[in-house]
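User: Please give me a close look at one aspect of this model, namely how its side chains are linked to one another. Where accessibility bears on the matter, kindly include it.

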Amino acid sequence: MLESLGGEFTLQVLRAVVIAIAGLVLAKLASAGLTRLAGKRATAHQLMLVHRGSFYSILALFLVSALHQLGFNLGVLLGAAGILTVAIGFASQTSASNLISGLFLLAEKPFGIGDTIRVGTTTGEVLSVDLLSVKLRTFDNLYVRIPNESLIKAEMTNLTKFPIRRLDIPLGVAYGSDMEHVHATLVKTAESNPLCLEEPQPLFIFLGFGDSSINIQFSVWAQRETFLTLRNSILQEIKIAFEREGIDIPFPQRTLGLLGGEALPVRIQDATARQE
Amino acid sequence: MENSKLQTGVEDVTRWWGDYRLPEAQALRCEIGSLRLSVQRRGDEWLVAWETGSEMSAGTSSACTPAAADSPEAYANTERYLFQTPRETLYLRPLLADRPVVSRPTVPFQLPPGEETVIFISSPVWVKLEVGEPRAALNELPVQRLSDTWFGASTREGELCYATQTAARRFLHELPARAHRAVTPVQIRNRADTPLRLDRISLPAPYLRLYHDARGMLWTQAITLRREEGSDLAALSVEQTPPREADGAVLLSEPRRTAGKSSFVRAFGALFS
């Protein structure tokens, strides 16, 4: 009986060894085959991952079945795998969060490829919405990667969602100005600019009495595509119109008052005297 | 060269559209509305120079006259068109606007319940330049630069249109004879029991046909706005035949776009905003 037991054990060991060797050979063949298949379409980095990944996973599979042949209890291995999963889970928290944020962004669609968005202080055109991040191209042609997580958590502005956009122009006019005249001049300037939309009508808001000037806000609407052109042209036209109509945009002003009521002596120098 | 003027006793319009054969080193100078245009041919090359003013600078008469070769520096815009073989004939044709035209009556008016009226609204035309056989399109120029405007239910949805003002004349004899604006008769019917206030009317210019009558005035098809009882919306319909105010109407150009019914329903929902 001992002999038969020993014989059976030897058989098991032989079987295990055969399975292991077969696994090794198969793993080598499979990894080589997969690498050749992905050869043209993957980068060197990805090829290495494919090669190593396929090799070790197939080898592991055959080794596990070889061990099973030898009679090892696989429960222990499973337990170890469970603990490993928890450890990996903790480590990949951020990546998992980015992945899930990405899925939510895809479903919500606050922006699409080609839109211009502003996140914090970065403004750029969306190049791609990937699994873990969104790629932007800023207007000075720099590449920015924004993790999806920060897009879900923080405020994001989509500058190209709606077809028209309002331009707010803050102005200050001198205290002696006739407000009706200022209003009429601004409205006429907006009307004569063809890029400035007639509807919605330009807005004139009297903001308040400032330190050096009366503060007003003049808002005009433009099509999104011609916004920049309008901004440049209307500011120039307002300046020209104000100069023509005699409306003053004052420099910061200070009024000097002398204590004690004494007069300050001022000497006026003759221009011709100065030349000598 | 064609430049026809019919004598019918009523004030007639000088027609600027038609075919023009241009010999070498001779320019064709056109003043259509506030568009100043100069077209000349140099061998197999065509030179087009133009300037567009605003609505204020539009004159009432339009004409195309031959002139000696022009210097394009006198104009704000110039373009050259190069061909392999010389083409000798220039075709000028009027077209309607490429976007809907929102007309604001200079004095807004109200239509009491049960009333109906016909008003005439005009919109500026575009000049299409084509040369040779087969016709090669050179350019399309507006007779005046109209201001952009937005027409829609909100700032989020709507479409970009042109804005113009209209005197909303009600009688044919009041219409000035102008060859650079196309007149659209608009019939408005208010069948509801509240007055209808009109301070903005959107003409679906890209969907209308352009005709000229025996006098040389430009017309489009008539459109009808019908506001039914108990509803804020009104039905817009476009007649298929030339307007009856245009005697001897001849088709000049087809609509730029053809629309399904749904787009018209959408168009007037916002018409009375």
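Analyst: A residue is called buried when its relative accessible area is under 20%, exposed when it is over 50%, and partly exposed in between, with a 1.4 Å probe and protein chains only. The model is predicted, so local features require pLDDT of at least 70 and side-chain atom pairs pLDDT 80 or more, whereas totals for chains, interfaces and linings use all residues. Residues are numbered from 1 along each chain as its sequence is written, chains are lettered from A and ligands numbered from 1 in the order of writing, and side-chain values rest on heavy atoms, without hydrogens or water.

The interface comes first. Contact (heavy atoms within 4.5 Å) joins 15 residues of chain A to 12 residues of chain B. The size of an interface is often given as the accessible area lost when the parts come together. Here the buried area, which is the accessible area (1.4 Å probe) that the two parts lose on being put together, summed over both, is about 1,200 Å², with 61% of it on carbon and sulfur atoms. On the side of chain A, 43% of the area buried against chain B comes from A:Pro194, A:Glu198 and A:Glu199, more than from any other three residues.

A salt bridge places a side-chain nitrogen of Lys or Arg within 4 Å of a carboxyl oxygen of Asp or Glu. Two of them cross between chain A and chain B; one of the pairs that meet in a salt bridge is A:Glu199 with B:Arg104, at 2.3 Å from N to O. There are also six residue pairs in polar contact between the chains, both residues at pLDDT 80 or more. A polar contact is a pair of N or O atoms within 3.5 Å; within protein, one atom must be able to donate a hydrogen and the other to accept it, and residues adjacent in sequence count only if both atoms are side-chain atoms. The residues of chain A that touch chain B comprise nine nonpolar, three polar and three charged, where Ala, Val, Leu, Ile, Met, Phe, Trp, Tyr, Cys and Pro are nonpolar, Asp, Glu, Lys and Arg charged, and the others, Gly among them, polar.

Over all chains, the structure holds 19 salt bridges. Helices (H or I, at least four residues) and strands (E, at least two) are DSSP runs numbered from the N terminus. In chain A, A:Lys239 and A:Glu243 form a salt bridge of 2.8 Å, N to O. These residues are four apart in helix H7 (residues 227-245), so about one helical turn separates them. A:Glu243 is exposed, at 55% relative accessibility.

Chain B supplies pairs that span its sequence. B:Asp148 and B:Arg99 meet in a salt bridge of 3.0 Å, N to O. The pair links distant parts, 49 residues apart: B:Asp148 lies in strand E13 (residues 147-151), and B:Arg99 in the loop between strand E7 (89-95) and E8. B:Asp148 is buried, at 2% relative accessibility. B:Glu116 pairs with B:Arg189, the closest N and O atoms being 3.5 Å apart. B:Glu116 is partly exposed, at 43%.

B:Ser103 is in strand E8 (residues 101-105) and is buried, with a relative accessible area of 0%.

As for sulfur, a disulfide is a pair of cysteine sulfur atoms within 2.5 Å, and there is one over all chains. B:Cys30 and B:Cys64 form it, with their sulfur atoms 2.1 Å apart. The torsion about the S-S bond is about 110°, so the disulfide is right-handed. It links strand E2 (residues 26-32), which holds B:Cys30, to strand E5 (residues 63-68), which holds B:Cys64, across 34 residues. B:Cys30 is buried at 2%, and B:Cys64 is buried at 1%. The sulfur of A:Cys196 is 15 Å from the closest cysteine sulfur, that of B:Cys161, too far for a bond. B:Cys161 is in no disulfide. A:Cys196 is buried at 2%, and B:Cys161 is buried at 0%.
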